[in-house]
Amino acid sequence: MTITDVRLSAAVQTGQPRVAARKTIAIIGGGFSGAAVAYHLAGNADVAFQTDIVVFEPRAEIGRGLAYDTADPAHRINVPAARMSLHPDEPEHFVAWLERTNAIAEDNEARRPDGALYPRRGMFGAYVADSLKPHIESGAVRHVRPAVTAVRSAAGGWEVEDDTGTRHDAALVVIATTHPPPAPPRALAEALGDHPRFVPDPTRPRSLAAIRPHDDVLIVGNGLTSADVVASLTGTGHHGRILSVSRRGLRARGHAPFPQEPFGDFLTPPPTSARELVKQIRDAIRTTEAAGLTWHAVIDQVRTQAATFWPGLSISERRRIVRHLRVFWDVHRFRIAPQVEQALDTAIEAGRLDIVAGSVRQARIEEDRIRVTLKLKGLASTIERLFDAVVVTTGPAHGGILDSQAWLRDLRDAGHLRLDPTGLGIDCDAEFRALNTDGLPNDSLMISGPLARGRFGELMGLPEVSEHARFVAARVAEALLA
């Protein structure tokens, strides 16, 4: 195995001593996005020699983040392993790592009949952490585990303070934190806050542990996380009834039944409104179906071309798409792994799982059970049901990102950050620079990953985030080395 194969840091690759860092790049958030930015920066010889790359991440390893820091065997990557990589130009880099490390030797369900690999989600986190390890060991990347408590403008850039009181000077800050947790419906939060089987955030470790095998469970929200919850409960032997309720009653969708290339053209001409986008998608789907393909190919093409046409849409049209179309986009765009899809199908066929359209109106605790009032679509009146547990899977509270952590709130209050006008994250320009409250960019404050989704349109899937991280790293290098 060559040095290049193991991706040693630039200093190690060249065999030269690393000079004292002149500037510090502070990356706040060490999930995939932050890890990928650090990885590409450390692989740049000029950056590695002339800067100190510091990643602030409380977890023991950089690269896992919220999505991939899970030991639940039911949690699978939602994209085939051959499309997940730190290297956008080497899509099978993760697959090569799996083979080299024999990481799925004991996971008999990872490889599907068509040969595609869907390993456990924690495996991808291990791959990213392992890829960063040489850079950390060489000193090209420094991992700071204490949590960030404050980020302040200072002479020469920024001052980042952690919860030990240590202050770190930085010439440039990259914000690569995750989305805020779900915001439970107020009726549930106020009534059930102390109930032992009320789960407002199922992404927390062992959050479902209190749910017993026979419990009747209400899941509020429907999507990837809801599917994960069903798969996790099934994997632990749960056999009680599950009711999944969401506003439109849409279930998470699986992958195409056979390989297909992206289909359609959404650039000539590009849509200028939500209405035009819907028409173009529907027309393309009719064409694909006539050709024996499925809707998956069209959604994949929209996903590929969104970064090009999204910035050309007016703010009002972007908001209209987010308000009216996002839920439909999400269930078709974010597809579940075949193993998870099978768990859902089996639960539905067995009568354990019902997926309905509706909303929660009220809830109250009766002894150790939970009485919930539901308004189901198509019914004139409400109904009441008793449950043993309630799980909220409504997805990230995107609009609350700047209130989710004190240091983000302080940056907003100081005028350095503002919410993206679509409400999907933090506002930035096409160069990834954060926009202040006056709409002016800051060359030393950048946004990486899904928090920049409002600007770029499609930044939730890993292939897009990987490509975006490489662009951010290049822009950071340009800003510091100019």
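1. Strands β2 (residues 51–56) and β3 run parallel and are joined by 4 bridges. Strands here are DSSP runs of E, at least two residues long; helices are runs of H or I, at least four long; both are numbered from the N terminus. Strands count as paired if DSSP finds at least two bridges between them. I53 has V141 of β3 as its bridge partner.

2. This pair belongs to an open sheet of 6 strands, ordered β3-β2-β1-β7-β16-β15, with mixed pairing. β3 (141–144) and β15 (433–435) are the edge strands, each pairing on one side only.

3. The model is predicted: local features need pLDDT of at least 70, side-chain atom pairs count only at pLDDT 80 or more, and totals for chains, interfaces and linings use all residues. Residues are numbered from 1 along each chain as its sequence is written, and side-chain values use heavy atoms, without hydrogens and water.

4. Mean pLDDT (the predictor's confidence in each residue, from 0 to 100) is 90 for the protein chain, and 95% of its residues reach 70 or more. Over residues 1–12 the pLDDT is below 50.

5. Now β10. 5 of the 5 residues of this strand (residues 242–246) are buried, so the rest of the structure largely encloses it. Buried means under 20% relative accessible area, exposed over 50%, and partly exposed in between, with a 1.4 Å probe and protein chains only. I242, S244 and S246 cover one side, L243 and V245 the other; all are buried.

6. β10 pairs in the parallel sense with β9 (residues 217–220) over 4 bridges. I219 has S244 of β10 as its bridge partner. β10 also pairs in the parallel sense with β11 (residues 353–366), over 5 bridges.

Definitions and conventions:
Contact = heavy atoms within 4.5 Å.
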